[in-house]
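Okay everyone, thanks for coming. Let's have a look at my structure together.

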Amino acid sequence: ALLKNSKKDPFISRLYVQIVRFFGSLLTNFKIMGHVKKKRDLQTKLKRVLKLSVDALQHKHTNKVMITAQISLLRDEKFSASYLPASQIQLFLQAIVNMKEITSTNLNCEKLLLLKSFLAKYPKLMSTNLKMWLPAEVLARILIDEEYYSMKVVATCVSILLDLLKKCLDDRKVHTAMAEIEKAKAEDIIPERYLAKLAQDDHSTFVQKTIGDLLCDKIKFLIQVKNEPKLAMDLWLALTGLIYNKPQKLEELTQPAGLKWLALNNICFGLEDSQAKNLALKTWRIITYVVCTNVSGDSPPNKNIIKMVLKPFESIEYRNLDPSIRDGIIYIVTGILYITCCDPKAVTPPRFQFFFENLIRPMFFDFLFQSESIHLFEKTQLMLFKLVGGSNTEDQDKRVKRDFNSLRVIASPGVQVKDILPLPQIVISKHWESLLSLSATTLDTKTSNVKFVYPIIS
């Protein structure tokens with residue numbers, strides 16, 4: 001009766017909401033879901049209830065009250081994951097994407113939170129159907145003029161992208177799809193319902209730009225106009241991981257398009273705010289991860305790519321370091337040493353030599369040794385001495401393999417100095433003179449007043 005026309009009887013609408021909430025309470029109860037396992041007839045009835053959500057979400061006569069009730073039901077219910085086939089859940093996803101558009105910030109946020117819950121419950125289905133929902137529901141809402149959507153909506157979209165990165169960090173199909181989305185023109189991938197809201201002058205410019213260029217513009221806008229560096233850097237980190245975490249994309253970082261993308265981080269670092277500078281440095285961890293885990297082999301292109309990891313160091317004034325910047329430097333250095341030197345399964349003499357000559361040594365001699373910060377030298381000394389901290393017994397080798405986790409590099413807390421693990425003995429033996437030379441340099445006259453002393457192995 002509610003879908004027969006656009007005008008609703010208030011009493012029937014309230015009754016409808018109460019019925020949907022009742023089924024919601026049933027479908028979120030773990031005990032009831034356990035009981036349903038033995039009741040095929042009850043499973044069939046509950047499937048019919050959920051299928052009605054498809055009509056309620058996208059019917060032309062549906063309204064905000066009905067949609068909100070159905071979104072809450074689909075977001076919280078625990079029945080579908082166990083009893084519905086992927087094809088049926090895909091129908092729910094299609095219904096969400098094709099949902100009747102209603103101007104409401106709260107409803108848009110509820111819709112996005114439903115997608116976020118689907119990503120948590122059905123990651124494979126969501127990644128397989130990425131092009132169906134990501135441009136239409138997430139990227140479009142980030143890019144649309146803020147006149148129509150609040151920052152709350154943008155923040156929710158960024159949260160979804162961060163969740164997608166966590167779920168699909170090493171999913172090559174997702175990276176390929178993201179690269180295609182990034183290169184697509186807005187008119188080919190953004191639904192017309194969003195494009196129609198743009199002013200005529202803005203429309204003609206907007207539709208001809210690529211999604212990648214529009215995202216660059218949006219990140220700049222968030223930093224320079226809205227003074228939202230945290231939101232901007234979260235967006236930049238998520239997209240960087242989703243687009244560039246594959247070997248075939250790395251060389252692009254050395255080309256104009258990639259350099260333009262990397263420059264966004266430097267824009268944040270350029271703000272007259274020490275906390276924003278610290279944020280930019282810490283967000284750079286995603287570049288450390290995607291480059292150092294995907295580069296393999298000593299070649300001229302790879303040497304150029306690995307240099308990109310050192311980009312933030314070029315913008316730092318090393319005299320009189322602000323504590324926030326100093327801590328950001330330590331954060332980056334710890335992550336670089338951890339991911340290049342501490343994986344016992346990956347670190348071999350040739351691989352270590354490549355990273356040492358093209359990344360680690362330049363990082364220290366060209367940048368870190370320019371600083372007079374005692375705290376910075378104490379931390380870097382400890383890191384280096386932990387790397388050459390002696391050979392491991394067989395039991396220690398097992399512990400090392402268990403303790404290393406590359407995901408620490410991109411986790412918000414970052415890698416701690418205590419997480420640095422000794423290099424394999426074969427690497428230490430092969431490159432002992434280089435390691436000793438680097439370690440000894442941290443003890444030169446510039447740091448003669450450093451009270452901290454760490455014993456060098458004999």
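**A buried residue and some salt bridges**

So, N302 sits in helix α21, residues 300-307; helices here are DSSP runs of H or I, at least four residues, numbered from the N terminus. Keep in mind that this is a predicted model, where local features need pLDDT of at least 70, side-chain atom pairs count only at pLDDT 80 or more, and totals for chains, interfaces and linings use all residues. Residues are numbered from 1 along each chain as its sequence is written, and side-chain values use heavy atoms, with hydrogens and water left out.

Is N302 buried or exposed? Buried, because its relative accessibility is 12% (buried is under 20% relative accessible area, exposed over 50%, partly exposed in between, with a 1.4 Å probe and protein chains only). Its side chain reaches the backbone oxygen of S296 at 2.9 Å. Leaving out residues up to four places away in sequence, N302 touches V295, S296, G297 and F354, where contact means heavy atoms within 4.5 Å.

Now, salt bridges. How many does a search of the whole structure find? There are 19, each a side-chain nitrogen of Lys or Arg within 4 Å of a carboxyl oxygen of Asp or Glu.

Take E137 and R193, whose side chains meet at 2.8 Å, N to O. That pair links distant parts of the chain, 56 residues apart: E137 is in helix α9 (residues 130-143) and R193 in helix α13 (residues 192-195). E137 is buried at 0%, while R193 is partly exposed at 29%.

Last one: K303 and D298 pair up at 3.7 Å, N to O. K303 is partly exposed at 33%, and D298 is exposed at 54%.

Terms used. Helix = DSSP H or I, 4+ residues; strand = E, 2+ residues; numbered from the N terminus. Polar contact = N/O pair within 3.5 Å; in protein donor to acceptor, adjacent residues only side chain to side chain.
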